[in-house]
Structure formats: C-alpha cells, structure tokens
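Colleague: I have just opened this one on my screen. Could you walk me through it?

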Amino acid sequence: MSDLVFNSEVYNVISETTGTRKDAVREFVERHKLNAYKLARHLVEGNSKTRVGFVVALVNDTNIYNWEESDE
C-alpha cells in the first residue's frame, strides 16, 4: 500500500509541475515503464522547455526519451 501512496504523490508532483492530469501521467508512466520518481525529479529541476517537452510527449503519446534527445 505504501508504494501506491508514494506513486500517487509522485504523479501529483508531475501533474502539478506540468499542468497535466494525474491519470494521464500515471498511464503514460506505466505504458512506457518509466521511473516516476526520476521523471518527477527531472521535471522539477528542469526548465520550462523540459516541462513543455514532456507535455508534448504526453499528448502525442511518444516515449519520453524521444523528446530528451531533441533538446540538443
């Protein structure tokens, strides 16, 4: 049960940071088998370009690593 609470809090952080729905974030993370904690940390520490890139990946339902490579 504690893992579910922890993940729920992490999904809240991601959704609040990016302005997206918590359920959409959860589905995206589970579909692409991402580490939610590392993703949340990356988005919180990142800039607005990082957050927008995540939202674009979420909307287009592409793997998160696709937009990471395009930052260069």
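**A buried residue and its partner**

Modeller: I would start with phenylalanine 54, which is buried, with a relative accessible area of 0%; please keep in mind that this is a predicted model.

Colleague: OK, and how many aromatic pairs does the structure hold?

Modeller: The structure holds one aromatic pair, in which the rings of phenylalanine 28 and phenylalanine 54 have their centres 5.6 Å apart. Their planes stand at 90 degrees, and planes over 60 degrees apart count as edge-to-face, so that is how this pair is classed.

Colleague: Where do the two phenylalanines of the pair sit in the chain?

Modeller: Phenylalanine 28 belongs to helix H2 (residues 22-31) and phenylalanine 54 to helix H4 (residues 48-60), so the pair links distant parts of the chain, 26 residues apart.

Colleague: And is phenylalanine 28 buried or exposed?

Modeller: Phenylalanine 28 is buried, its relative accessible area being 1%, and across the 72 residues of the protein chain 33% count as buried.

Colleague: Changing topic, what about the overall fold: how many helices and strands does the chain have?

Modeller: The protein chain has five helices and zero strands, and among its contacts with a separation of 6 or more, 59% come from residues 24 or more positions apart.

Colleague: Which helix has the lowest mean pLDDT, and which the highest?

Modeller: Among the elements of the chain, helix H5 (residues 64-69) has the lowest mean pLDDT, 53, whereas helix H3 (residues 36-45) has the highest, 93. For the protein chain, the mean pLDDT is 82, with 78% of the residues reaching 70 or more.

Terms used
Residues numbered from 1 in each chain as written. Predicted model: local features only at pLDDT ≥ 70, side-chain atom pairs only at ≥ 80, totals over all residues. Heavy atoms only, no water. pLDDT = per-residue confidence, 0-100. Helix = DSSP H or I, 4+ residues; strand = E, 2+ residues; numbered from the N terminus. Phe/Tyr/Trp six-rings, centres within 6.5 Å; stacked < 30°, edge-to-face > 60°. Buried < 20%, exposed > 50% of the residue type's maximum accessible area, 1.4 Å probe, protein only. Contact = heavy atoms within 4.5 Å.
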